[in-house]
Amino acid sequence: MIRIEHLNKTYPVAGRPLLALDDINLDIGQGEIYGLIGRSGAGKSSLLRTLNLLERPDSGRILVDGEDITRLDAAGLRRYRRQVGMVFQHFNLLGSQTVAANIRLPLELAGELDRAAIDRRIDELLDWVGLTERRDHYPAQLSGGQKQRVGIARALANRPRLLLCDEATSALDPQTTRSILTLLLEINRRLGLTVVLVSHEIQVVQTLCDRIAVLEAGRVVEQGRTADLLLKPAHAATRSLVAESGLIAEPPPDLALPSAGLLRLTFTGAHTYQPLLASVARTLDIAFNIVQGQVGRIKDTPYGQLIVAVEGHGTALGAARRAFQSQGIHCEELA
Ligand SMILES: Nc1ncnc2c1ncn2[C@@H]1O[C@H](COP(=O)(O)OP(=O)(O)OP(=O)(O)O)[C@@H](O)[C@H]1O
C-alpha cells in the first residue's frame, strides 16, 4: 500500500540543516500494522508525519497505492488527508467541546454527510470505542484512556484507509495501555485498516506490529517481522532497545556454575511446544541445567526462551549448539 523511496528530510537548526531522515526506503502492506521504533530523536515522528505530509520531505517519493503523495496539488492533498486518521500521544482534543462534538468536527469538515447521518456515525463510533455514555462529557471529565478512545473515534470518523499513531499509549498507565492496544488490534482486524505507529515501548510493538523498522540517526538500520527482529536483533540499536525491555532471557546475575557453558535457545512457532531439549539431551547423552526460561507471544507468534547450562565448556557445548541449530532453533553461546 505504501512505498517510501529515498526519502530525505532536513530541518533548519541554528541556520544549518539537520538531517532528520536519511535515505529512508520502506514498504508497508495493505492491512498491516507497521511499527517505527528507535531512540528519542531517531526520526520516528518525522517519518510518520511525512505519511500525511504534516512534514514535507526534501526529496524522495511516498507512493500510496501507486500515487506519489508528495506531488499532490492542494485539492488532491485535502482528499488524501481525509483517508488518513491520526492519533496523538496527548490526544489533542478540543477542551471546550463535548466528546460528540470532537468527533463531529472532522465529519463536518469533510462535508460528505448530512446532519442525521453524522449523528448516526458518531453513535456508531462511540459504540465501537465504548464511550456511548460519555457522549456529552467534556475532555476534562474523562480519564486518559477515555480521552484516547475519543481520539481514536475522531481519527476513524471519515473511514480512513490509513491510521497513524504517534506514541498513542505513552501517556497511559500499563492497564489502560493494554485496553487501547486491544482496541487498536480490533480496529485493524475489523476494518482491515493499515496502521503505522511510532512507539518507544517494546511491549506496544510486541503486541501490535506485524513488522517493524528500527531507526537510528535518521536511518532505517534494521527492518523485518517483529518476532524476528525482537528475538534475533542483528543491529546494535535494536539489541540495546530489546535488552532494556526485558524481552530477552538473561542469566541470573548470581549464577555460579564455573564448569558449565551457557546457551540461550529461542524457539518460535511450532518449535515452542516440542520437547527438543529432552531429545537433544538423549541423543548426545548430555545433561542440561535450565537456569532461566520464559514463554510469550510476539503478535501472533508464540515463542519460548531457555538459558541452559551445559557441563564442560568445549566439546559438549559445541555439540549441543550444533544439534539445536540443526533443528532450526536459534542458539547463542553466552559469555
Ligand atoms: N520542527 C523541527 N525543527 C527542528 N528540528 C526538528 C523538528 N522536529 C524534529 N526535529 C529534530 O529532528 C530529529 C528527529 O526528530 P523526531 O521527533 O522525528 O525523532 P523521534 O524519533 O520521533 O524522537 P522522540 O521519540 O523524542 O519524539 C531530532 O534531532 C529533532 O530534534
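The model is predicted: local features need pLDDT of at least 70, side-chain atom pairs count only at pLDDT 80 or more, and totals for chains, interfaces and linings use all residues. Residues are numbered from 1 along each chain as its sequence is written.

**Overall build**

- The protein chain has eleven helices and 14 strands. Both are DSSP runs, numbered from the N terminus: helices are H or I with at least four residues, strands are E with at least two.
- Along the principal axes, the C-alpha atoms fill a box of roughly 75 × 50 × 35 Å.
- Of the 335 residues in the protein chain, 35% are buried. Buried means that 20 or more other C-beta atoms lie within 10 Å of a residue's own; exposed means 12 or fewer, and partly exposed is in between, with C-beta atoms placed from the backbone.
- Take the contacts between residues at least 6 apart in sequence: 68% of them join residues at least 24 apart. Two residues are in contact if their C-beta atoms, placed from the backbone, lie within 7 Å.

**Two domains**

- The chain is divided into domain 1 (2-244) and domain 2 (260-334). These bounds come from an automatic or database domain assignment.
- The C-alpha centres of domain 1 and domain 2 are 38 Å apart. Their contact takes eight residues from domain 1 and seven residues from domain 2.
- Helix α8 (residues 226-231) gives the most to the domain 1 side of this contact, with four residues.
- By class, that side of domain 1 has four nonpolar, two polar and two charged residues. Ala, Val, Leu, Ile, Met, Phe, Trp, Tyr, Cys and Pro count as nonpolar; Asp, Glu, Lys and Arg count as charged; the others, Gly among them, count as polar.

**Database annotation**

- An unreviewed UniProt entry places the feature "domain: ABC transporter" at residues 2-242. UniProt positions follow the numbering used here, feature names are shortened, and annotations may be inferred rather than shown by experiment.
- Residues 2-242 are 39% helix and 27% strand, and the end C-alpha atoms of this stretch are 27 Å apart.

- Most residues other than glycine have a negative phi.
- Asp-23 has a positive phi, near 55°. Asp-23 lies in strand β2 (residues 16-28).
- Ala-217 also has a positive phi, of about 45°. Ala-217 is in the loop between β9 (211-216) and β10 (219-225).
- Asp-23 is partly exposed because 14 other C-beta atoms lie within 10 Å. Ala-217 is partly exposed, with 14 other C-beta atoms within 10 Å.
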